[in-house]
Amino acid sequence: MEKSTRNLKNLKFYVHTFGCQMNENDSERIAGILSTAGGKISSSPEESDIIIVNTCAVRKKSEEKLYSYLGRLASSKKKKKRTIGVVGCVAQLYGPELLEKKSFIDFVLGPDNYNLITEIIQSNHEEKFASTSWSREYKEIPHEKIFRESNISAYVTIMEGCNNFCSYCIVPFTRGREKCRPLQKITQEIQNLANKGYKEIQLLGQNVNSYKDPETEKDFSVLLKEANRIIAIEWIRFITSHPKNFTKNIAETMKGSEKVCHQLHLPVQSGSSSVLKRMNRGYTREEYLEKITFLRDLMPDISLSTDIIVGFPGETEKEFKETLSILEEVRFNNIFSFRYSPRPFTGAYKEKDNVSFEEKKRRLIEVQNLQKKIQLELNESTIGKVMKVLCTGKSKKAPRIYSGRNEGYQVVNFKSKNDVIGCFVDVHITSCGPYSLHGEATKQ
Ligand code: 5AD
Ligand code: SF4
């Protein structure tokens, strides 16, 4: 008997994304593959024939959110027959087990397997399918196929995976070992974005500083210099940097490349050298602070952000206080802070999760309150200044207010008589809160 196949033409699909920018970019790549094959992208899961859920496993909470979303999908599938695919980090971790546990899922694909997605959907999923194989090389998806959310600022993935094995982190088990994209493919993609009128690119990777072109061994500084040469792109950012691999050479390249924003996300995780050692981070508090001093001497206007974990196994009150004091010492422009969450397969999973939930909650609130105060003070010092902002749309809360980000990646909401979406605008800052700046375009 001949196998039945299904044409993707005119089928509606919806992609739901959990997690980081890397996942957002992967979802754009998946949407691109499906629309190239004839599928129609939809903003409504209810109306869609195909639902792809791109998952995040970094904390237990992200997995819990996924399971409650999947629960809702299961009941909606009873009303309308549709194909449901679960992809990304949770898919990679549990693979076929997910298909067994959740019978309404039709296929499961890990991050290195997205090139199979059209074939699976077209095969009409008579049999359920799971693929979580690893690839040693970066799996290229032609960049022309990427279906981007924005036509102003674009993500460009430069490497994937991680070799660091920080003791709390599941990423090396979901994304595998480091795989770098050939430099030539990256610069071609950026050139293509420049030709389409994109103003800003954000280079993505779990550890961008360890980038090495697989063909020529050229490093991240060379990549930055090459990207800096591409005319029409005006701002270049990158995320995430590991303090251990962030060299003076990269800092000097940032300073010497006029398009590379003076903005850096440098996750410290803890202010205590003993906790950092248990986290297997590969640097001490002092070494981290030395890098910050070097960066600020070189680029006094640099905007810095970080990630913090509170309540790591065995974190004492004294060690926690060192996290508070590093926040006071550095005065970051922004932080992302989390309660420690034990993750399977990781080194710390074997340790007793002995800081109670209540204590973690208290520490998190303390971190966030301190940071809120610091951010308000830093933001207040910008009142009266004029700064360049890339306008990316209207404010979500007030539809007559425009919104964008400044070079330091801070949100700036502002008034303008003209439609300035997609433009660089000089904004006069008139007021602020801890999480955003407010002002008016100077040329109306
Ligand atoms: N628990 C809490 N936070 C975590 N992160 C990564 N793993 C964990 C975990 N097990 C945080 C780190 C990392 C960010 C992306 O997520 O701060 O930098
Ligand atoms: Fe996770 Fe550490 Fe790798 Fe970052 S560097 S992805 S925190 S293992």
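Mentor: Gladly. This is a predicted model, and we can begin with ligand 1, where a backbone N or O atom of Tyr 168 lies 2.9 Å from a nitrogen atom of the ligand.

Trainee: How much of ligand 1 does the protein bury?

Mentor: The protein buries 85% of the 410 Å² that ligand 1 exposes when taken alone. The shell includes Val 58, Gln 269, Phe 338 and Arg 343, and it divides into 5 nonpolar, 2 polar and 4 charged residues. Strand 13 (303-310) and strand 14 (334-339) each supply at least two residues of that shell.

Trainee: How does the shell around ligand 2 divide?

Mentor: Around ligand 2 there are 7 nonpolar, 3 polar and 1 charged. Cys 162, Cys 166 and Cys 169 are among the residues there, along with His 242 and Arg 281.

Trainee: With cysteines in mind, how many disulfides does the structure hold?

Mentor: The structure holds 0 disulfides. Take Cys 20: the nearest cysteine sulfur, that of Cys 56, is 6.3 Å away. A disulfide needs two sulfurs within 2.5 Å, so Cys 20 is in none. For Cys 432, the nearest cysteine sulfur belongs to Cys 391 and is 20 Å away, so Cys 432 is in no disulfide either.

Trainee: Why is Cys 20 called partly exposed, and why is Cys 432 called buried?

Mentor: Buried means under 20% relative accessible area, and exposed means over 50%. Cys 20, at 36%, falls in between, so it is partly exposed. Cys 432 has 18%, which is under 20%, so it is buried.

Trainee: What makes Gln 371 buried?

Mentor: Its relative accessibility is 2%, under the 20% limit, so Gln 371 is buried. Gln 371 is in helix 13 (residues 357-380), and a polar atom of its side chain lies 3.0 Å from the backbone oxygen of Phe 332. Leaving aside neighbours within four places in sequence, its contacts include Leu 327, Asn 333 and Ile 335.

Trainee: How do you know that Glu 160 is buried?

Mentor: Glu 160 has a relative accessible area of 3%, again under 20%, so the label is buried. Glu 160 is in strand 8 (residues 159-160), and a polar contact of 2.6 Å joins its side chain to that of Arg 175.

Trainee: What stands out in the backbone at Glu 217 and Asn 280?

Mentor: Glu 217 has a positive phi of about 70°, and Asn 280 has one of about 60°; neither is a glycine. Glu 217 sits in the loop between strand 10 (200-204) and helix 8 (220-228); its relative accessible area is 56%, over 50%, so it is exposed. Asn 280 is in the loop between helix 10 (273-278) and helix 11 (285-298); its 42% lies between the two limits, so it is partly exposed.

Trainee: What makes the peptide bond from Ile 239 to Thr 240 cis?

Mentor: Its omega is near 0°. Thr 240 lies in the loop between strand 11 (235-239) and helix 9 (248-256).

Definitions and conventions:
Residues numbered from 1 in each chain as written. Chains lettered and ligands numbered in written order. Predicted model: local features only at pLDDT ≥ 70, side-chain atom pairs only at ≥ 80, totals over all residues. Heavy atoms only, no water. Buried < 20%, exposed > 50% of the residue type's maximum accessible area, 1.4 Å probe, protein only. Near = heavy atom within 4 Å. Polar contact = N/O pair within 3.5 Å; in protein donor to acceptor, adjacent residues only side chain to side chain. Areas by Shrake-Rupley, 256 points an atom, 1.4 Å probe, with all protein chains shown as cover. Helix = DSSP H or I, 4+ residues; strand = E, 2+ residues; numbered from the N terminus. Nonpolar A, V, L, I, M, F, W, Y, C, P; charged D, E, K, R; others polar. Contact = heavy atoms within 4.5 Å.
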